[in-house]
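Please open the model in your viewer and keep the selection tool at hand. The tour moves from one selection to the next and says what is there.

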Amino acid sequence: MVVLSRIYTRTGDGGETALGNGERVPKFALRVSAYGTVDETNATIGVARLHAGGEVDTALARIQNDLFDLGADLCTPELEGDTASRLRIAAVQVVRLEAEIDVMNALLRPLRSFVLPGGTALAAQLHVCRTVCRRAERLVVELAGAEKVNGEALRYLNRLSDWLFVASRIANDGGQADVLWVPGANR
């Protein structure tokens, strides 16, 4: 467990930070950008929770904890021959998101148009969460092109953005208050 008795350490004053394995890297390193954007996703979910209640809030709290797991996964590079037990996103976390998506989606009518971000305050904020999550996913895909990355971490982000989209529709009165795109409406 982590003990934080002192918040500033001065070790990053030169523009470097430590990864989970102790390796020092520039703060602009792709790996740092990837897990930093996962952290940003988590922060946007914290704002969404201000508008959520009940089961949605409970699910978002669980997702926030998963995102810390994901950050821990990404901040510790996978190395050949490393047999130490590291915290990694597991397939069961991805499967849970898929099951929750299926339950929520069963309550919704099929879409006949793309949805514009908006509607209720919760739905709009969930769309912000979704777009930040997609950016995190793009960074993890880029990282995976350069270094070994846990495939479940990438799958988790992909499912999470889908989860956030479907949850935004639920937050829009079960899709009744969705703001639909009308192609060419303002020509």
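At what angle do helix α4 and α5 pack, and how far apart are their axes? Before selecting them, note that this is a predicted model, in which local features need pLDDT of at least 70 and side-chain atom pairs count only at pLDDT 80 or more, while totals for chains, interfaces and linings use all residues. Residues are numbered from 1 along each chain as its sequence is written, and side-chain values use heavy atoms, with hydrogens and water left out.

**Helices α4 and α5**

Select residues 121-146 for α4, which packs against α5 at an angle of about 165 degrees, with the axes 9 Å apart (axes are lines fitted to C-alpha atoms, for helices over the stretch in contact, and angles run from 0 to 180 degrees between N-to-C directions). Helices here are DSSP runs of H or I with at least four residues, strands are runs of E with at least two, and both are numbered from the N terminus. The angle makes α4 roughly antiparallel to α5, since angles over 145 degrees count as roughly antiparallel and those under 35 as roughly parallel. Now show the side chains of the contact (heavy atoms within 4.5 Å), including Leu 122, Leu 126 and Cys 133 of α4 and Leu 157, Phe 165 and Ala 171 of α5. By class, this contact has 15 nonpolar, four polar and four charged residues (Ala, Val, Leu, Ile, Met, Phe, Trp, Tyr, Cys and Pro count as nonpolar, Asp, Glu, Lys and Arg as charged, and the others, Gly among them, as polar).

**Helices α3 and α5**

Among the residues that make the contact are Leu 97, Ile 101 and Met 104 of α3, together with Tyr 156, Trp 163 and Ile 170 of α5. The residues of this contact divide into eleven nonpolar, two polar and seven charged.

**The second largest pocket**

Next, select Glu 55, Arg 62, Glu 100, Leu 107 and Trp 163, which are among the residues that line the second largest pocket. A pocket is found on a 1 Å grid over the protein atoms alone, as an open set of points where a 1.4 Å probe fits, with protein on both sides within 12 Å along at least five of seven lines, and its lining residues have an atom within 4 Å of a point. The volume of this pocket is about 250 Å³, a volume being the space filled by probe spheres set on the points, which are joined across faces, edges and corners. α2 supplies the largest share of the lining, five residues.

**The largest pocket**

Which residues are closest to the centre of the largest pocket? Select Leu 4, Thr 17, Ala 18, Tyr 35 and Cys 75, which hold that place among the 26 lining residues. The space in this pocket is about 730 Å³. β1 (16-18), α1 (30-48) and α2 (54-75) each supply at least two lining residues, and α2 gives the most, with six.

**Thr 11 and the whole chain**

Then go to Thr 11, in the segment before β1. Not counting residues up to four places away in sequence, Thr 11 touches Glu 16 and Arg 24. Finally, display the whole protein chain, which has five helices and four strands.

Methods
Angles under 35 degrees count as roughly parallel, over 145 as roughly antiparallel, 65 to 115 as roughly perpendicular and the rest as oblique.
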